[in-house]
Amino acid sequence: MEADFETRGYVVGRVTMEPYAKGAAHDPGGDKPDREYHLAPGHETRLAVVLDPAGKLHWETGNLDGDHLLMVLGRSVSDAHLRELVSRGVSYLVAPDERIDPAWLLDELAGKFDASRIFVEGGGILNGGFLTAGLVDRISILLVPAIDGRSAAHNIFETGEDGLAKHMKLRLVSVEQEVHQMIHLTYDVNCDTAVR
């Protein structure tokens, strides 16, 4: 389905990727690493962009199921962690602040990785941050015929107390039945002919 959007890859958060980060912390030593960014071999391919402000995730390689890992880190990340990423073939960007600004990230992805379109598929907080910043032009929702029932469920978009109902409008683009009785809904964001 991502191929329909013609993106260079996807963006997710640390919590989403934690189960896949199987490496151990290791400082290989050596020179002081670049504090802004590092482009590892393979960065021209499809990207798995992971926001990890504190540098908590450790990887074995820069390849994740055929996608090139690009870690996006906060400015206080240690030199040891950056050296570790370089030694394992992982690309990285270091944000100018601890908080990773979605607009800054998209500018960096376009400028350094030729990624002008990216699929945002994180948790509610990550998705809400991109949506609130006005950086989402289309929403794709896949409804799976399964019932969770847990009371601590999260929203697709989380933005705090005020929510988005007064600020965002959606226009239905398509409804398609997929395999296994799944339904794929596509909406354009902030269109003139929108409904709430």
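A residue is called buried when its relative accessible area is under 20%, exposed when that area is over 50%, and partly exposed in between, as found with a 1.4 Å probe on protein chains only. The structure is a predicted model, in which local features need pLDDT of at least 70 and side-chain atom pairs count only at pLDDT 80 or more, while totals for chains, interfaces and linings use all residues. Residues are numbered from 1 along each chain as its sequence is written, and side-chain values use heavy atoms, with hydrogens and water left out.

Glu108 shows how the definition works, because a relative accessible area of 16% makes this residue buried. Glu108 belongs to helix 3, where helices (H or I, at least four residues) and strands (E, at least two) are DSSP runs numbered from the N terminus. If neighbours within four places in sequence are left aside, Glu108 is in contact (heavy atoms within 4.5 Å) with Leu93 and Phe113.

In soluble globular proteins, nonpolar side chains tend to be buried together. A nonpolar core is a set of buried Ala, Val, Leu, Ile, Met, Phe, Trp, Tyr and Cys residues joined through side-chain atoms within 4.5 Å. The largest such core here has 23 residues, and those that touch the most other members are Val11, Val49, Leu51, Leu105 and Leu109. At least two residues of this core come from each of strand 3 (47-51), strand 5 (67-73), helix 3 (102-113) and helix 4 (124-132), with helix 3 giving the largest share, four residues. Not counting residues up to four places away in sequence, Leu109 touches Leu47, Val49, Leu70, Asp114, Ala115 and Ile118.

In helix 2 (residues 79-87), the buried residues are Asp79, His81, Leu82, Arg83, Glu84 and Leu85, and their cover includes strand 5 and strand 6 (91-94). Just after helix 2 comes Gly89, which takes a positive phi of about 75°. In helix 4, the buried residues are Gly124, Leu126, Asn127, Gly128, Phe130 and Leu131, and the elements covering them include strand 1 (9-13), strand 3, helix 3, strand 7 (119-120), strand 8 (138-143) and strand 10 (183-189).

Finally, one side chain can be followed to a ring: Lys112 lies over the face of Tyr37, at 4.7 Å from the ring centre, where a charge sits over a ring if NZ of Lys or CZ of Arg is within 6 Å of the ring centre and within 35 degrees of the ring normal.
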